[in-house]
Amino acid sequence: MKLVLFETGEKTPQRPGLLTDRGVIDISAVARTNYTPQLVMEGIIDDFEWLRPKLVELEKNADVLPLSSIRLRAPLPRPHKILCALANYWEHAQREPRPLNMFMKNPDAVIGPDDTVCLPNFTSPWIFMHEAELALVMRGPAKSVKRENWRDAVFGYTCFIDVTARGEGRRTWPASQPMSWLGKSFDTFAPLGPCIVTSDEIENPNDLHVQFWNDGQLRHNYNTDDMEHHVPELVEFATTVMTMKSGDVIACGTNHEGLGAIQDGETIEIEIQGIGRMALHVADPLKRTWERGVYMGADSTHPEAVKRNRPRNPSP
């Protein structure tokens, strides 16, 4: 199933729904809805096993709202935590996995389909870039989950764009205190959506095709089988450090070979196999410009150029 939050008009309450090939089915009648949209979705995650038969019945018999009549919103508007894996993909001539590490991204930075990424309104030695990623939606409370039991803690999956400021300013501000999180957590820098796909719909999260376009130009174009540290290890690592709650997010990292700048007036799109596609806009009050195209690494702009750099026998 594909779970969404949606609106039927301006200034109307957000409602939970099921996204189908025909449109969206309102599931407000069976979900707990007297909460904030984030808590409504968390309640659906917690209640999903007993809700499932009701949702199946609605899928068969309920009226469908055409997508043209509604607006999809971020399915998790304000997670308690967004954990992001650092790098986490085999790239270029790399032959040893880097140590697994994560950082926390501002949960207030979440936006959803058709929203706008707003670049910061001050000058800096930065370039603003996209990182298209698979994200895990957690079912909690999840603490000290072993990798062989990772499915117990993962409710589903969504698309995530880790918008990032790159350059000297991101790494050293002030100069004596490196802060890589700084360029990650500006408002609107965490696009998430368009839906949450329940885990039973995805056989293997480490075999999904991830793509990203900037004004129609293909940038990211990779498969999640190229992760250095696969999903079970990410779940074990994160829950060893902290308790993950329902609706928390773990972003799995990106293949940097498709990186490029985003700038004022552009439309960006992410699509992950089995999950869906989401488009957003970019606005910059300072109207800065950078060279268009892939910024670093091998050329990932061609549809056939799905890069797999994982060694044949990588070190464990």
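## Glycine 23

Glycine 23 sits in the loop that runs between strand 2 (15-19) and strand 3 (24-26); strands here are DSSP runs of E, at least two residues, and helices are runs of H or I, at least four residues, all numbered from the N terminus. This is a predicted model, where local features need pLDDT of at least 70 and side-chain atom pairs count only at pLDDT 80 or more, while totals for chains, interfaces and linings use all residues. Residues are numbered from 1 along each chain as its sequence is written, and side-chain values use heavy atoms, with hydrogens and water left out.

With a relative accessible area of 1%, glycine 23 is buried (under 20%; exposed is over 50% and partly exposed is in between, with a 1.4 Å probe and protein chains only). Setting aside residues up to four places away in sequence, glycine 23 touches Leu18, Val64, Leu65 and Leu67, where contact means heavy atoms within 4.5 Å. Leucine 67 is 44 residues away along the chain, yet the two C-alpha atoms are separated by 5.3 Å.

## Threonine 188

Another loop residue, threonine 188, falls between helix 2 (168-171) and strand 13 (190-198). Threonine 188 is buried too, at 14% relative accessible area. Beyond its neighbours within four places in sequence, its contacts are Ala109, Ile111, Thr116, Val117 and Cys118.

## Helix 3

On helix 3 (residues 231-241), the buried residues are Val231, Leu234, Val235, Glu236, Ala238 and Thr239. They pack against strand 5 (82-85), strand 6 (102-105), strand 10 (132-138), strand 11 (154-161) and strand 16 (249-251).
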